[in-house]
Structure formats: C-alpha cells, structure tokens
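Biologist: I am new to this structure and would like to learn how to read it. Please take me through it one feature at a time, with the general idea before each case.

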Amino acid sequence: MTKVPTIRIAKPKLENFTRSVFIAAGLRDDLADDVAEVLIEADMMGHATHGLALVPMYLKSLETGGMAKNGEIEVLADMAACATWTCHRLPGATVSKRAMNLAIERARMFGCSTVSFTDSYHMGALAVYLVQATRQGMMAVLSSSTLSSDGVAPYGGTVGIMTPNPIAAGIPTSGDPILLDISASITTRNKSLQYAAAGKRFPGQWVMDVDGNPSDDPNALLDGGTMLPIGGLDHGHKGYALGLMVEALTQGFSGTGRDEERTGTYTSGFLQVFDPRAFAGKDAFTRTTDHLVKLCQNNPPRAGVDKVRVPGENAMIRRRSALENGVDLTDQIMQGLVAAAEQTGVTLPDPVA
C-alpha cells in the first residue's frame, strides 16, 4: 500500500489553532475547546475522515446555524440511572463528552447508566469518547444516527432510509483498551466524498447506483444511489438489522424519529456505561479481557497478514506517536485548514521540523 504524504504538526499548536479558528467563527470558548480536542483526537487515532477534515463543514454549519454557537443542554428526563437530553444543535463533541461524564458518574452509583440524547450536531468519531470510560476501568457502548439524513437502503431495497448508524464500544483491559467503532453500512458519505475527490474507486462494491446495481464507484452514491449495509449483497441482512437496532436505540429512547421532519445535521445518540465492580468485579473483568486479547494476538496469522490485532490496537499506537512526534495531516486536510485560516484570520502553525 502506498503511503500517503503528510505534514506533521505538534498537537498543542494544532489544538490552539483549531480552537482559535472556531472561536473566531463565533463558537463559545468552551464549545470550541471540545470540538478542537475531539477532531484532533480522531486524527491522532487514525480516523482521518472524522478529524480535521471536517473543519470546513463545521465552519459552514456555524455560518448557516446548523451548529449552535452557544446554548445549553435541556434535560427532558432524569431517573438517576437513565437520563434523556435535547441539545439544541450544540456541537456533538460537547454533548458526547458531557454525556460520557454523567454516565460514568452514575455508573459508579448504580453499576450501569444510560444517557439518551437528540438534536445534537455532528458527533465525529465515536471511538474518541470511549477512552473517558476505559481509563476508569469501565465499559462504554455508544451509538448514533442522523434522522435528518439517509443514504442506506433496507436490505433488498433501493431507496435510502437510514444513515450508516455507527456503534462503538470501549472495553477495558489491564493495558490498552479494545476500541471498536463500526457502522451498519460498508462506507459513509464522508468517505465517499473523499474517494471521489481523489478520483479513486472503492476497493469493493460498497454502494449501489439509483437502479440498485452494486458499484465500486463513489459517484454512484453521490449521484443518488445508496450505501450497502455491512455484508453487502451477500449478507447485508445483518448490517440492515444492526442499523434498525441503532435507529431504535438512538431515536426511540430520545423520542425523536423519522416520523418527524428535521433539517440540517440532527443527530441522536445512545450511551451506556458499565462498572465491572457491580458485576463479577473489576479483576474478573480484566482477567477475562486480557486473556481474550492474548488469544487474538497470539493467533497464527493467515498468509499475507503480519499479525492479528484487536480493534483499537493501531489507534492507540498512532495516538502515542502523534503525542510524541506530531499529528500527521494529509494534503487534502491541510487545504481545508489553510482555507479556514484565511477565512478566520488565524495563523496556521508551522509543521514539525
């Protein structure tokens, strides 16, 4: 695989730049802190489609009102171990971080806790938030859907009715956590836009055109087609079922679904945090997860695979490298940051020498 050329910028300088860009665009200081942190964490972990590549989209949303520049979360219900919020288009970074903080606090009290929320702006890479829980020895499950958008057809259909509907989980071990972050569809619209902009085709048939024909051309989606659920034409009923479950969790419990017409990026989320101390105990939990990791990593690799990894393993390696050496950013991402610097008058930091 050809290595994509990158520019490397130290994390503190990049974070200060990103924060300053959003403040200059009118975003309240504490909200800008959250957005900058979450976007850069995504890049550090290797989730480039959901990192600083989103800065132009976020700035546009601040201009149009798609993302709120200030405001507060409104509590719709609070029954101690369960809470539901409406978020008035506040940044998904702020909503998700606050939801995780509350869920961790309540899980300490009740063993497990749930926060459901709606009317949030874009949340970014879900895996970023999971480390808040795993650092404290807790397991977290987070999912989201955007009911103002669609693009994934039900299995056997041709018209999009759902979003990719990601579901993520952070599983603590005695070392690095297991971090999984998957979508119910094979690809996402953002990734399709990036492939199309680069003039590239997908590695496989990830989408369908408007007539329902499978395709590896990202433009088939952008021209009105749909994303295939994970499993594709062969086993896509599994991805379809997972997507339905996420829709029910995120929209059903938050009380806002596709029966209501919404515009912009109207995102709903569902978060659960579990404290192993309320079950068989923290030691028993990590003993089990440590052994599971060893079984995977020590598994004989098939031909062409150097070693078996667990989800999140590379992400944590990349994150440590980024903290030490700087955050790698592609030319395409840098173009967006240069435009943001020109738009807001904020000086772009120099790359690492």
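Modeller: Let's begin in a loop: Arg89 lies between E3 and H4. Such labels come from DSSP runs, numbered from the N terminus, with helices (H or I) of at least four residues and strands (E) of at least two. What you see is a predicted model, in which local features need pLDDT of at least 70 and side-chain atom pairs count only at pLDDT 80 or more, while totals for chains, interfaces and linings use all residues. Residues are numbered from 1 along each chain as its sequence is written, and side-chain values use heavy atoms, with hydrogens and water left out.

Biologist: What is the phi of Arg89?

Modeller: Most residues other than glycine have a negative phi, and most peptide bonds are trans. Arg89 is not a glycine, yet its phi is positive, about 65 degrees. His88, in the loop between E3 and helix H4 (92–110), also has a positive value, near 50 degrees.

Biologist: Is Arg89 buried or exposed?

Modeller: Here is the scale: buried means under 20% relative accessible area, exposed means over 50%, and partly exposed is in between, using a 1.4 Å probe and protein chains only. Arg89 has 17% relative accessibility and counts as buried. His88, at 40%, is partly exposed.

Biologist: How many bridges pair strand E2 with strand E3?

Modeller: Strands of a sheet pair through backbone hydrogen bonds, either parallel or antiparallel. Two strands count as paired if DSSP finds at least two bridges between them. E2 (residues 74–78) and E3 (residues 82–86) have four, and they pair in the antiparallel sense. Asp78 stands opposite Ala83 in E3. Three residues separate the strands of this hairpin, where Ala80 has a positive phi near 70 degrees.

Biologist: In what order do the three strands of the open sheet lie?

Modeller: The order is E9-E8-E10, with antiparallel pairing. E9 (214–215) and E10 (226–227) are the edge strands, each with a single partner strand, so one side of each has no neighbour in the sheet. Between E8 (residues 207–208) and E10 there are two bridges, and Met208 has Thr226 in E10 as its bridge partner.

Biologist: Now for the aromatic rings. How many aromatic pairs are there?

Modeller: A pair of aromatic rings is described by the distance of the centres and the angle of the planes. Rings of Phe, Tyr and Trp (its six-membered ring) pair if their centres lie within 6.5 Å; planes under 30 degrees apart count as stacked, over 60 as edge-to-face and the rest as tilted. The count comes to six aromatic pairs. In one of them, Tyr195 and Phe202 have ring centres 5.0 Å apart and planes at 55 degrees, so that pair is tilted. Tyr195 also pairs with Trp206, with centres 6.1 Å apart and planes at 75 degrees, so this pair is edge-to-face. Phe202 is buried, at 4%, and Trp206 is buried at 17%. Elsewhere, ring pairs link Phe22, Tyr58 and Tyr121 into a cluster.

Biologist: Which residue lies over the face of Tyr195?

Modeller: The rule is that NZ of Lys or CZ of Arg must be within 6 Å of the ring centre and within 35 degrees of the ring normal. Lys200 lies over that face, 5.1 Å from the ring centre of Tyr195.

Biologist: How many residues does the largest nonpolar core have?

Modeller: In soluble globular proteins, nonpolar side chains tend to be buried together. A nonpolar core is a set of buried Ala, Val, Leu, Ile, Met, Phe, Trp, Tyr and Cys residues joined through side-chain atoms within 4.5 Å. The largest has 67 residues, and those with the most contacts inside it are Phe22, Leu52, Trp85, Val273, Leu329 and Leu337. Apart from it lies another core, of nine residues, including Val152, Met162, Tyr195 and Leu221.

Biologist: Last one: how many residues of H2 are buried?

Modeller: Twelve of the 16 are buried, so H2 is largely enclosed by the rest of the structure. Among them are Leu31, Asp34, Ile40 and Met44. H2 is followed by Gly46, with a positive phi near 95 degrees.
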